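Please read them with the structure open.

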Amino acid sequence: MSRAILALVLSVLFSLSFSLSFSAMAIAPIEKQSDQTALYREILDRLATRHYRGQDLNDELSLRYLNSYIDMLDPMKSYFLQSDIEEFSQWQTELDDLARRGDVSPGFVMYNRLRDRMLAQITANIALLEGDHAFDYSVDETIVLDGEERQWLQSASEQRDYWRKRVKDSMIRLLLNDKEPAKAQELLLKRFTNQITQMEQRDSQDVFQIYVNALASLYDPHTAYFSPRGTENFQINMSLSLEGIGAELRTEDEYTKVARVIPGGPADMQGILKAQDRIISVGQGDEELVDVIGWRIDDVVHLIRGAKDSIVRLELIEGGNDSSDSTKIIAIVRDKVKLEEKSAQSKIIEVNQDGVDLRLGVIDIPAFYMDFEAYMKRDPDYKSTTRDVDRLLTELLKEQVDGIVLDLRNNGGGSLREATMLTDLFIDTGPVVQIRNAYQQVSRNQRASARGAYTGPLLVLINRLSASASEIFAGALQDYDRAIVVGSQSFGKGTVQDVTGLSSGQLKLTVSKFYRVSGASTQHRGVVPDIKFPSLYDIDKVGESHKDNALPWDNIHSVPFKPSPSVKAFIPALTAESEQRSASDPDFAHLVANLELRNSWDAEKSVSLSLEKRRARRSDWDTQKFLLENTRRKAKDLELYADLEAWKSDNKDPDEDEIVADAKDDETSDKLEAEGALDSAGDSDHSLPVKETAEKIEQDEDEEKDIAESDPMLFEAGNILADQIRLLKQPASKQLMVKSPKLEKKL
């Protein structure tokens, strides 16, 4: 045997011995608790008797359960070996039988194996970084990071090589973000040490929750068990709404990912944090950033939350793209939101149709909110979406606008009652939504009960993040032929959840399903717009249809309703004019081109581990963005950027110190503490904080002129509405009807 081979064998044996001894000596196995048997059976009973979707507890479900749990434990296929998966297959037809007996033992066996593998690998990663290994950044090799695109690791040697590449990729990302090699190495060592600490803090309660949720997720993606610790952090675990910055977060692989930026929240007001961004480190004010990759979400939350007016700094990977090397640091002032910025708002935009200027009112509705407490106390001035929109409508019509755009983009839903009441402002009497429960009983109690307060030209603008109650509202106006719906296909969240207490913790489960008056469900399919715009969010990655085990789309009998004089006849002509106009509009074309560029980069499955190629790739990205911007400027007869550096200088992120300084100087704004409000139908997934005041946004002439550039989709929606007005030839201000005393009383 040659010395090289002997050295390799000894190295492997030492590595395995060290890893196994570490995992064996560092932490004792996590054991199940005696009370978990009864609790497990209690949860199974609730799922069997109350969930909307019935499931037979059989061998087929057992196999799905096993695969679901393994995927939850190791979604990137980084730690388990193929031999582990083969060993776990002993339970593929047994988990159903064990569940009936309340036996959770397999969950603990598999979790402890994961923990042993993970601790051994992290220890090996630390040894790699602390040793004399030198990464060769000139080697042209690649790595596939997406677990769905990879197979289970076949051997320990394959696992070592995979992790060598992952550590190398992490080093490259840090080097590309101007970290010195020594600092990059120090940061990675700290990251791996933190991951060991996180694993050491896991307990029996954590394992039980993961194991139960692997089963609960087979019923639908909105059904989940929350342990007592999770219940104490209800807002985080139920709605994933983090007080402090106004963002909904979730854990994806080893990252904390931004699911949605809540309209009106601090992050939304600053406009830098975006859905799909991944948070990799968190800092308090001017303190050092703390790396949070691999952390549990409630620990990340603890860092992000903080006192009103304090500063939190976040380091992000933009867009959540595994192949992205760029990170940036932003600073957000916690809870720094003006009251009027959290409710429905209005503005007026102007468009020109055949030489005629039209004034259009735009009402931005960020959520369906209602102050239930004030309402129950019979406070005559209680806050609600419908009351605010009603007032804004009156103000806009006094301004003699020619039509109304209702902007529901990013509206995650909220109060079902408010969705019904708001529909009542725009249609005459009739049903708004049907709700079918687990026993197939259909309720049609949600109805509009008064004549419409506004009957003029109307357009509804939606996007992929319009969900739940906003889909009910948009779907009702579409079914009644009351408004043309434009934008991208909505989220498709058409289910109702209920939260029930258990002997330990809580269970959120889906109990009902929404149906439009036409009989079609909003579940899975969402609302399909009459005129489609490009989606800012990847429909294959964002939305109900992307979620595993989502309830399917279906339909039931329609309910009798009286549609308005049809606007559907205009849709072909409006679509043709919109497509022609959009193709020649520099701002809209620029938006589409940027989306296409981003999607083409996101489609790449593997990442190069050549530092030179990665630098070239980043440079190519900047160059393409620069060329797209100059194309837009040329089409608008604007001054072109002289070169790439001029563009980069003009488009760099605001200086972080300036952000913090501005935030500290601005002591004039204030807000009330947000209160969580569940839908009357129990739709807790999309509940949002109660909103306070609503004020019309006053815009100067410069802002109005910039709407085409700052929001080309809204501007094009206005043009479509203007086309509709031209076809109708009847200004909205002449179609105002006085509200009936009945509706006045309801409001």
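1. A residue counts as buried when its relative accessible area is under 20%, and as exposed when that area is over 50%; anything in between is partly exposed. E141 has a relative accessible area of 14%, so it is buried. Please keep in mind throughout that this is a predicted model.

2. Where does E141 lie? Its place is in the loop between helix 6 and strand 1 (142-144). The side chain of E141 makes a polar contact of 2.9 Å with the side chain of K168. Setting aside neighbours within four places in sequence, E141 is in contact with R164, K165 and K168, and also with V607, S608, L609 and S610.

3. Some overall figures follow. The chain has 26 helices and 22 strands. It has 747 residues, of which 55% count as buried. Among contacts in the chain with a separation of 6 or more, 77% are between residues 24 or more positions apart.

4. Which members of the largest nonpolar core touch the most other members? They are Y40, I43 and L215, in a core of 70 residues. The most is given to this core by helix 6 (residues 105-130), which supplies nine residues. Not counting residues up to four places away in sequence, L215 touches Y40, L44, L47, L61 and Y65. There is also a second, separate core; it has 45 residues, including L393, L416, Y454 and A469.

5. Next, the aromatic residues. A pair of aromatic rings is described by two values, the distance of the centres and the angle of the planes. The count of aromatic pairs comes to 17. One of them is Y69 with Y211, an edge-to-face pair at 5.0 Å centre to centre and with 80 degrees between the planes. Y69 belongs to helix 3 (residues 59-73) and Y211 to helix 9 (residues 204-216), so this pair ties together parts that are 142 residues apart in sequence. Y69 has 0% relative accessibility and therefore counts as buried. Y211 counts as buried too, because its relative accessibility is 1%.

6. The pair of F426 and Y454 is also edge-to-face, because the ring centres are 6.3 Å apart and the planes stand at 85 degrees. This pair links distant parts of the chain, 28 residues apart: F426 is in the loop between helix 16 (416-424) and strand 13 (430-431), while Y454 is in the loop between strand 16 (447-448) and strand 17 (458-462). F426 and Y454 are both buried.

7. Which residues form one aromatic cluster with Y69 and Y211? The cluster is made up of Y40, Y65, Y69, F208, Y211 and Y225.

8. The charged end of R150 lies over the ring of Y162, at 4.0 Å from the ring centre. The charged end of R525 is placed over the ring of W553, at 3.7 Å from the centre.

9. How many salt bridges does the structure hold? The number is 43. One of them joins the side chains of R117 and D84, at 3.0 Å from N to O. This pair links distant parts of the chain, with R117 in helix 6 and D84 in helix 4 (residues 82-88), 33 residues apart. Is R117 buried or partly exposed? R117 has a relative accessible area of 26%, so it is partly exposed. D84, at 1% relative accessibility, counts as buried.

10. E716 is in helix 25 (residues 712-728) and R581 in helix 18 (residues 571-584), 135 residues apart. The relative accessible area of E716 is 2%, so E716 is buried. R581 also forms a salt bridge with D723, in which the closest N and O atoms are 3.0 Å apart. Because R581 lies in helix 18 and D723 in helix 25, this pair ties together parts that are 142 residues apart in sequence. D723 is buried, as its relative accessible area is 0%.

Definitions and conventions
Residues are numbered from 1 along each chain as its sequence is written. Side-chain values use heavy atoms; hydrogens and water are left out. A nonpolar core is a set of buried Ala, Val, Leu, Ile, Met, Phe, Trp, Tyr and Cys residues joined through side-chain atoms within 4.5 Å. Buried means under 20% relative accessible area, exposed over 50%, partly exposed in between (1.4 Å probe, protein chains only). Helices (H or I, at least four residues) and strands (E, at least two) are DSSP runs, numbered from the N terminus. Contact means heavy atoms within 4.5 Å. Rings of Phe, Tyr and Trp (its six-membered ring) pair if their centres lie within 6.5 Å; planes under 30 degrees apart count as stacked, over 60 as edge-to-face and the rest as tilted. A charge sits over a ring if NZ of Lys or CZ of Arg is within 6 Å of the ring centre and within 35 degrees of the ring normal. A polar contact is a pair of N or O atoms within 3.5 Å; within protein, one must be able to donate a hydrogen and the other to accept it, and residues adjacent in sequence count only if both atoms are side-chain atoms. A salt bridge is a side-chain nitrogen of Lys or Arg within 4 Å of a carboxyl oxygen of Asp or Glu.
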